[in-house]
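Okay, thanks for coming, everyone.

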Amino acid sequence: MDISEQKDSFEKQPDNDLEEQSASFQNTYDSLETLLGSKVVKLIAAKNLVAAEAKLSLSAILLSFAISIALIVITVMVWALLNVGIGFIIYYLSLSLSMPIILLLVINIGLGFWLFKQLKSIWQLVGFNATLAQLALKS
């Protein structure tokens, strides 16, 4: 084998390696591109999920708020109708305008204090600290 043949064979071999390296690099690049694309799709799906959950939570909060307002309005209406009814009954029994007003004030103030006392005793049973205290007593 003379020098020119050795030179030719030596020059051909790096070309094959270069092509293999180029193909390997292209495969790696394509794989990374696919991986990045799948990560972007996952991120978009997660963003859409978070947006849907936030919308659902906001709807639930607004619905709870509307139901609470409706219950308060109904309770106030019933309370007012009861006061008017009791006031008319007391008025027809006493035939005095001051008597029903005074009795209704006393009854409403008494019930208000009783409800406040009940709320205070219930508030002591509700909450994180009360739950921990109950769990500690059961252990």
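So, before anything else, this is a predicted model. Let's begin with the aromatic rings. Searching the whole structure turns up two aromatic pairs. One of them is stacked, F88 with Y92, with ring centres 6.5 Å apart and 25 degrees between the planes. Why are those two separated by about one helical turn? Well, they sit four residues apart in helix α1, so that's the spacing you get. And if you take the ring pairs together, F88, Y91 and Y92 are linked into a cluster.

The cut-off for exposed is over 50%. Y92, at 61%, counts as exposed.

Now, move along to the loop between α1 and α2, where you'll find L95. Look at its backbone: phi is near 55 degrees, which is positive, and this isn't a glycine. L95 is also exposed, because its relative accessibility is 66%.

Last stop, the surface. There's a nonpolar patch of about 980 Å², and its residues include I74, W79, L103 and W114. Which elements give two or more residues to it? Those are α1, running 3-94, and α2, running 98-125. The biggest contribution is from α2, with six residues. M99 is one of the patch residues, and it lies in helix α2. With 41% relative accessibility, M99 is classed as partly exposed.

That's my tour, so over to you for questions.

Notes:
Residues are numbered from 1 along each chain as its sequence is written. This is a predicted model: local features need pLDDT of at least 70, side-chain atom pairs count only at pLDDT 80 or more; totals for chains, interfaces and linings use all residues. Side-chain values use heavy atoms; hydrogens and water are left out. Patches are made of residues with over 30% relative accessible area and no salt bridge: like charges are joined within 9 Å, nonpolar side chains (Val, Leu, Ile, Met, Phe, Trp, Tyr) within 5 Å. Accessible areas come from the Shrake-Rupley method with a 1.4 Å probe; for residues, only the protein chains shown count as cover. A salt bridge is a side-chain nitrogen of Lys or Arg within 4 Å of a carboxyl oxygen of Asp or Glu. Buried means under 20% relative accessible area, exposed over 50%, partly exposed in between (1.4 Å probe, protein chains only). Rings of Phe, Tyr and Trp (its six-membered ring) pair if their centres lie within 6.5 Å; planes under 30 degrees apart count as stacked, over 60 as edge-to-face and the rest as tilted.
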